[in-house]
Amino acid sequence: MKYINLAHTRLGARAVFASDDFFAPCERMLHTEAAVFIPGKFDDNGKWMDGWESRRKRTEGYDFCIVKLGREGVIKGVDIDTSHFRGNHPPAASIDACLSEDEIPGDEAKWTTILEAVSLQQDSHHLHDIVDTGSYSHLRLNIYPDGGVARLRVYGVPQCNWE
């Protein structure tokens, strides 16, 4: 692999906001190891899943999670992994990115769509090239309308401000 995972927790990446993570917190989708399925494991909200999982939408809209990358960088590709999510995966997803010094980008943040909405299949890796050449510090993974994502990998080239 010629790029590093900018969303790697050892670099300091972290999930900083989720519109809904009732069934499983979005931090789990940044875990470094491959997602696992543990039959019979439940928690207070139902079946335990290794990844981020939101509740079924009962209103208009969609769910999203904001990830602060471990290092600002130019994103070359992503892997939206729905491993072990069968029937509770999102049918589609898109990714927006921004450059912000804030932990959670505010209303003034300029989000750029780096991956238009793509269809997702259950229990699969979804690898996509990113052609945008901007340097970004945060990603917003949008899932339409809801569901579960086991892992998010963000491959790119870290940038450094030498000033």
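This is a predicted model: local features need pLDDT of at least 70, side-chain atom pairs count only at pLDDT 80 or more; totals for chains, interfaces and linings use all residues.

Reply: His84 is partly exposed, at 21% relative accessible area. That value falls in the partly exposed class because buried means under 20%. His84 sits in the loop between β6 (63-81) and β7 (92-98). Its backbone stands out: phi of His84 is near 70°, positive in a residue other than glycine. Most residues other than glycine have a negative phi.

Asp123 is another such case. Its phi is positive, about 50°, and Asp123 is not a glycine. The loop between β8 (112-119) and β9 (125-129) holds Asp123. Asp123 is partly exposed, with a relative accessible area of 31%.

Next comes a peptide bond. Most peptide bonds are trans. The one from Tyr144 to Pro145 is cis, with omega near -15°. Pro145 belongs to the loop between β10 (135-144) and β11 (148-149).

One more loop deserves a look, this time for charge. Glu101 lies in the loop between β7 and β8. Its relative accessibility is 84%, so Glu101 counts as exposed; the cut-off for that class is over 50%. Glu101 also takes part in a negative surface patch.

Technical notes: Residues are numbered from 1 along each chain as its sequence is written. Side-chain values use heavy atoms; hydrogens and water are left out. Helices (H or I, at least four residues) and strands (E, at least two) are DSSP runs, numbered from the N terminus. Buried means under 20% relative accessible area, exposed over 50%, partly exposed in between (1.4 Å probe, protein chains only). Patches are made of residues with over 30% relative accessible area and no salt bridge: like charges are joined within 9 Å, nonpolar side chains (Val, Leu, Ile, Met, Phe, Trp, Tyr) within 5 Å. Accessible areas come from the Shrake-Rupley method with a 1.4 Å probe; for residues, only the protein chains shown count as cover. A salt bridge is a side-chain nitrogen of Lys or Arg within 4 Å of a carboxyl oxygen of Asp or Glu. Lys and Arg count as positive and Asp and Glu as negative; His and the chain ends are not counted. The place of a charge is taken as NZ of Lys, CZ of Arg, CG of Asp or CD of Glu.
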